[in-house]
Amino acid sequence: MDAGDPEGRLVRLFTLTGGRTRPSRADFSLITTVTAVDPQPETAARPQPEHRRILRQCAGPVAVVELAARLDLPVSVVVILLCDLLEAGRVTVRPPYRFTHAAPDLDLLMKVRECLGRL
């Protein structure tokens with residue numbers, strides 16, 4: 001451990017990203033859901049240790065921000081690593097659900113309100 005590293009990390013963050021400070025893609029937000037591809041592609045290069053850690057955590061769908069918390073890494077670093085995995089075909093990405101701006105069904109809302117009032 002390095003006395004100058006309060007986190008006790010053995011590897012500096014810039015080495016995890018290969019010195020990159022920005023993601024190569026704009027596919028990720030904090031609540032984007034990521035899932036590891038199963039089975040993993042045979043043709044992709046062998047993943048680095050941090051990539052493997054991410055893949056283990058993504059066995060089921062997980063949000064980018066949750067993944068960063070589980071790995072104890074900054075979101076910006078996780079997004080750069082996720083870009084690598086997405087480009088290698090090792091993960092799938094589902095953007096957050098977008099609500100439509102359609103007007104709510106007032107009849108349905110009134111019926112729900114009446115039912116809740118009866119409880």
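Guide: Helices are DSSP runs of H or I with at least four residues, strands are runs of E with at least two, and both are numbered from the N terminus. By that numbering, His51 has its place in helix 2. The model is predicted, local features need pLDDT of at least 70, side-chain atom pairs count only at pLDDT 80 or more, and totals for chains, interfaces and linings use all residues. Residues are numbered from 1 along each chain as its sequence is written, and side-chain values use heavy atoms, with hydrogens and water left out.

Visitor: What secondary structure does the protein come to?

Guide: The assignment gives 5 helices and 3 strands. Along the sequence they follow the pattern α-β-α-β-α-α-β-α.

Visitor: Why is His51 called buried?

Guide: Buried means under 20% relative accessible area, exposed means over 50%, and partly exposed is in between, with a 1.4 Å probe and protein chains only. His51 has a relative accessible area of 10%, so the term buried applies. Of the 119 residues of the protein, 29% count as buried.

Visitor: What is in contact with His51, apart from its neighbours within four places in sequence?

Guide: Contact means heavy atoms within 4.5 Å. Leu81, Asp84 and Leu85 meet that limit with His51. For Leu85, the C-alpha to C-alpha distance to His51 is 7.2 Å, at 34 residues apart in sequence. Over the protein, residues 24 or more positions apart account for 74% of the contacts with a separation of 6 or more.

Visitor: Which residues of helix 2 are buried, and how do you know that they are on the same side?

Guide: Glu50, His51, Ile54 and Leu55 are buried in helix 2. They cover an arc of only 145 degrees around the axis, which puts them on the same side of helix 2; the arc is that of the directions from the helix axis to the C-beta atoms. These buried residues pack against helix 1 (13-16), strand 1, helix 3, helix 4 and strand 3 (91-94).

Visitor: What makes the pair Arg53 and Glu50 a salt bridge?

Guide: A salt bridge is a side-chain nitrogen of Lys or Arg within 4 Å of a carboxyl oxygen of Asp or Glu. Arg53 and Glu50 have an N to O distance of 2.9 Å, so the pair qualifies. The two are 3 residues apart in helix 2, about one helical turn. An α-helix has 3.6 residues a turn, so residues three or four places apart point the same way. Glu50 is buried at 16% relative accessible area, whereas Arg53, at 28%, counts as partly exposed.

Visitor: How many salt bridges does a search of the whole structure find?

Guide: The search finds 2 salt bridges. Glu66 has 37% relative accessibility and Arg70 has 43%; each value is between 20% and 50%, so each residue is partly exposed.

Visitor: What makes a set of residues a nonpolar core, and which residues have the most contacts inside the largest one?

Guide: A nonpolar core is a set of buried Ala, Val, Leu, Ile, Met, Phe, Trp, Tyr and Cys residues joined through side-chain atoms within 4.5 Å. The largest has 22 residues, and those with the most contacts inside it are Phe28, Val34, Ile54, Cys58, Leu67, Val78 and Leu82. Strand 1 (33-36), helix 2 (49-57), helix 3 (64-71) and helix 4 (75-87) each supply at least two residues of this core. Helix 4 gives the largest share, 8 residues. Leaving aside neighbours within four places in sequence, Cys58 is in contact with Val34, Thr35, Ala36 and Leu67.

Visitor: Why is Val37 called partly exposed?

Guide: Val37 has 24% relative accessibility, between the 20% and 50% limits, so partly exposed is the term. Val37 lies in the loop between strand 1 and helix 2. Not counting residues up to four places away in sequence, Val37 touches Gly89, Arg90, Val91 and Thr92.

Visitor: What makes up the nonpolar surface patch of about 450 Å²?

Guide: Leu108, Val112, Leu116 and Leu119 make this patch. Patches are made of residues with over 30% relative accessible area and no salt bridge: like charges are joined within 9 Å, nonpolar side chains (Val, Leu, Ile, Met, Phe, Trp, Tyr) within 5 Å. Val112, in helix 5 (residues 106-118), has a relative accessible area of 40%, and therefore passes the 30% limit. Areas come from the Shrake-Rupley method with a 1.4 Å probe; for residues, only the protein chains shown count as cover. The protein exposes about 8600 Å², of which carbon and sulfur atoms supply 57%.
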